[in-house]
Amino acid sequence: MIRTERVLHLKSCRGRKVRVVREHYLRERVPCYSALCQAGCEHRDAKVLPANLTHYVVPDVGVVVDYLEVLEVPELQGVVFTQTACQAVQHSKGRRQYNRLRNLLKDPRHDCVLFANEFQEYSYCPREKGERQEKWQTRCVYSAAVWYYNHLAGVKDVVMLTEDQEAVAQYGSLNSGVYVISVRDFLQNFWPELQAAHELYSSVSQALQEKESEASERQYAEHLPAELLEAGIKSGRYIQGTLNISKHRALSEASITAEGLSNKNSDLGSGVLVSGTKNRNRAVHGDLVAVELLPKSEWRGKDTALAEGRGEEPSGEGDRKPMATGRVVGILQRNWRDYVVTFPPREGPQPQTRNSQRILAVPWDHRIPKIRISTGQADALQDHRVVVRIDSWESTSLYPNGHSVRVLGRAGELETEVQTILVENCIHVPPFSEAQLREMPVNSPERPWAVDPAQAAQRRDLRESHLVFSIDPPGCEDVDDTLSVRRLAGGTRIELGVHIADVTHFVAEGSLTDLEARARATTCYLADRRYDMLPAVLSGDLCSLLGGVDRYAMSVMWELDAQTLAVASVWYGRTLVRSSYQLHYELAQALLDGRRAEVPELAGLEPAERDGRLARLVSALETLTRVARHLRAQRDQGGALELEGVEVRAQLDEERNITALVPRQPLEVHETVAECMIYANHWVARKIQEAFPHQALLRRHPPPRQEFFSQLVDTAAAKGFTVDTRTNKALADSLDLAEDPRDPLVNRLLRIMATTAMSQALYFSTGLQAQDQFYHYGLALDRYTHFTSPIRRYADIVVHRLLSAAIAADRGSDPGRAVVSNKELEETAQHINNKNRAAQQAQKLSTELFQCLYFKERDPQADQLCLADAVIYSIRDNGVLAFVPEYGVKGPVYMKNREGQVVAVGEDGVCEWQSGAVRRHPDCITTSSGRGTATFRLFDHITVRISVRSTHCHADALSLEVVSNEPHRRAATAGAEPQPPAPARSQSRGSSQLVREVVRLAEEASQQAQEKAARRPKLSREEREFSQTKTPNLYSLLEEVRELALLDAEAASRLCATTA
Ligand SMILES: [Zn+2]
């Protein structure tokens, strides 16, 4: 080893110059990470460059700094990142870009490696006196390229990429086998077909050129350097938090939310308002920023009026309670992601130029500022949705600069819009790769899968001893849970078993399938399709506990006292099961109710045999029901919230629009299955938390903040109900009483509000929270986790591994790698929480998309389907918020329009616009006009006309206009009594029909387009590849019901768009 000294003159990303002297040790042995190595480099478990590539690529510093995205294109394999280049990225681009590079290096799906060239004795070249840093770095990278060529004995050509033309001239012909070329030449020569890389390259290089020719007039205050921000936050001068831009007033209103703000300063309880774009100072929605408070005299309030059309300026009315107001002084961490934009339609004659043009593209998300893009395809891409990335936002530029990444398709087309929703929520669901699928076990008619005798020997075999069955929605393919129940020990004990698909047997930790499942974190359900977390061979076959076949399971089995149902003992372990019956809910309920029902598994048996088996099954179902009732009663005493009844179905109305599919009377068997799953989740949570007190993955549901309940309490009071929110039990009891016998919607809406006020349930690592924080408020359990759906949720996979480790530890063997550090587990928990939120958001947006497409086809003035009954659930300054049960739509209904006219009510309740005034009261809003005074109260039923408000650049939105202050007639005639919405729902157009109709129209349109023209852009092929499984909507939505039956407050929250 040779010791030298190395002097570095670095420029930090904030522009400071730093001189660093480092001791530098050179070694002969620095691993090359190539499969071709003959020199005996130590690679251990590291990723190595495969042997079958035609060449290796060594990008120089400039290429890695500016064109990392191009190098990320998965087809570009065999990339060697030098230490020199990595350090340069860290210093000149900051942590974000550096992390991106590190993630690329870690990603096993990408054949690229890091070479520590500056530690390699023969590759390292000391900097010469007077040599410019860039030149020296280029020389280092070239030297590394040459080293590779020589180290691999010339069997592999090496291509060095550089944008420095001098370097091309200087090094280009120095060594045969080592090519030095520009990125453009490289792509043209080696990857002429790789369109995506070419487009990305030209779009990034254009953005770079534009940046050089930027104007210099300052538009924003400079950001403070990192050291000052850090010191300021410590001293309390600045407040650190995430910038949250108002959806409805994107230009004017933003706020900072930060945990713990209210503890320090009571003024900051509701966050800090950042008003206007200057004060926002180039921070983008989601960025972590530092704000300085303005003097109290400049504090302002949030606007509580309904804003017509999103992203518009406020009306200036409304009571604004001043709140802490500040301005952004620096950005601690950018949270830029990929954004979908639309190029605005351009007016006037189009300039006849083939050069690139600078265009202000409008992001789909209202909260994101316009992004300046340079492109040569501005005309071709009009009306298309394009994915872009932001590169920079200088203080001299009104808008951020960015470049385009790929084209999604024509705006307004179903596939484009669905892809937009996915990109906007950072949901990346490419088809499973071949390499991943190669990890999968085979189960085909030629090679049927069979139980491995070694596994059978290790597992508790329940195939003969236990009657195992599943209860699911009809047509369910992925059965991840089954049940068993039987009498033991002469009838003094009952054994209850929950048997869950043993997914972790098939998905090894760290395998490609595992990494992909982790990245997805959850199966993602959209209105018309789903994206599975696991490949179909697992989710629909080998992991699915189907009837009549042998399957591996993870089981929890309790021995309960037959009388008291107290737990005598619990057993956890791996089992071998064969489910005897695959029941669906209605069938199971029919059996319990003693109704005649056909059990398919018993068809064709001799009557005596059949009756005997049937009796055994019914008896098991009855015992199960009794146990579940007991468990439920226990939780009720603790204050479990009754949210899985009516109101969850209301939730589904909101977000999933599922009304027509759910039976009006919830079946008890739903609850029975849910209760057993909750019980299993709870006991597994206990087990892993006791085994690993500091690194178990649990799920907590924090109690809600009381102030969030004010709307619920006030609204209920308007109907004469008292809602007590002090404890979960008080809340549950008072919600049960808040029932208007004439209008079941009242109770539903109150429960929606209660759910909206709730916090989200979250995964966390037990090392991070005190044990009293583990509590699950909604379920009234001291510990909870997710164990029962490993096919569809990654959290359950983590929990299965922890449970296996705990079982291994009980036996005295090594728990293995499953037990990660608290910090690592917390990262996983955060990741899953984020992904779940994104999946829910995408689901909500896709439902809205389908609602809009449905109404887009209709003429709101002529089509009777555009008229519907709505109920008022919130009063605002200039209108009300209303809920349309028939379509599951929620939105503002204006009582005053932009022209200042108000809703006047004539005879028969017919409404029209007239000049007048509106006045808001606590529980009603009144309009006065030439026709007199009209009052709209909370919970009033009105008739609205639904139409689509189309915008070119954003998602379409539905708009509601009041046409009568009477309930809609079609609904009102449904019963003798005025109880419109509930009975109407049975005949309502639920989501399935709506989705089917829209899909059919979209398919027809696409077929016509294909027939018409072969010159259709080839965009759609790519888009279509993203969708994997199109399933009947019914199934996925019913699956969700089951999920919700387990009371995921997370899924059930964030419904109302109410902010005030
Ligand atoms: Zn080697």
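The paragraphs below take these topics in turn.

The model is predicted. For four tetrahedral donors the ideal angle is 109.5 degrees.

A disulfide is a covalent bond between the sulfur atoms of two cysteines. A search of the whole structure finds zero disulfides. Cys 911 has a relative accessible area of 13% and is therefore buried; Cys 924, at 10%, is likewise buried.

Attention now turns to a set of paired strands. Strand 23, residues 493-501, is mostly covered, with eight of its nine residues buried. Strand 22 (residues 481-488) pairs with strand 23 in the antiparallel sense through eight bridges, and Arg 486 stands opposite Glu 495 in strand 23. Four residues lie between the strands in this hairpin, where Ala 489 adopts a positive phi near 45°. Strand 23 is also joined to strand 26 (residues 550-561), again antiparallel, by nine bridges. Here Arg 493 has Asp 561 of strand 26 as its bridge partner.

Helix 5, residues 183-190, has Val 183, Phe 186 and Leu 187 as its buried residues. Viewed down the axis of helix 5, these buried residues fall within an arc of 95°, so they line one face of the helix.

The aromatic rings complete the picture. A search of the whole structure finds 15 aromatic pairs. One of them, formed by Phe 506 and Tyr 552, is stacked, with 6.0 Å from centre to centre and 25° between the planes. This pair links distant parts of the chain, as Phe 506 belongs to helix 13 (residues 503-506) and Tyr 552 to strand 26, 46 residues apart. Both Phe 506 and Tyr 552 are buried. The rings of Tyr 854 and Phe 855 have centres 5.2 Å apart and planes at 90°, so this pair is edge-to-face. Tyr 854 is buried, with a relative accessible area of 3%, and Phe 855 is buried at 2%. Elsewhere, ring pairs link Tyr 56, Phe 115, Trp 147 and Tyr 148 into a cluster.

Conventions:
Residues are numbered from 1 along each chain as its sequence is written. This is a predicted model: local features need pLDDT of at least 70, side-chain atom pairs count only at pLDDT 80 or more; totals for chains, interfaces and linings use all residues. Side-chain values use heavy atoms; hydrogens and water are left out. Buried means under 20% relative accessible area, exposed over 50%, partly exposed in between (1.4 Å probe, protein chains only). Helices (H or I, at least four residues) and strands (E, at least two) are DSSP runs, numbered from the N terminus. Two strands pair if DSSP finds at least two bridges between them. A disulfide is a pair of cysteine sulfur atoms within 2.5 Å. The arc is that of the directions from the helix axis to the C-beta atoms. Rings of Phe, Tyr and Trp (its six-membered ring) pair if their centres lie within 6.5 Å; planes under 30 degrees apart count as stacked, over 60 as edge-to-face and the rest as tilted.
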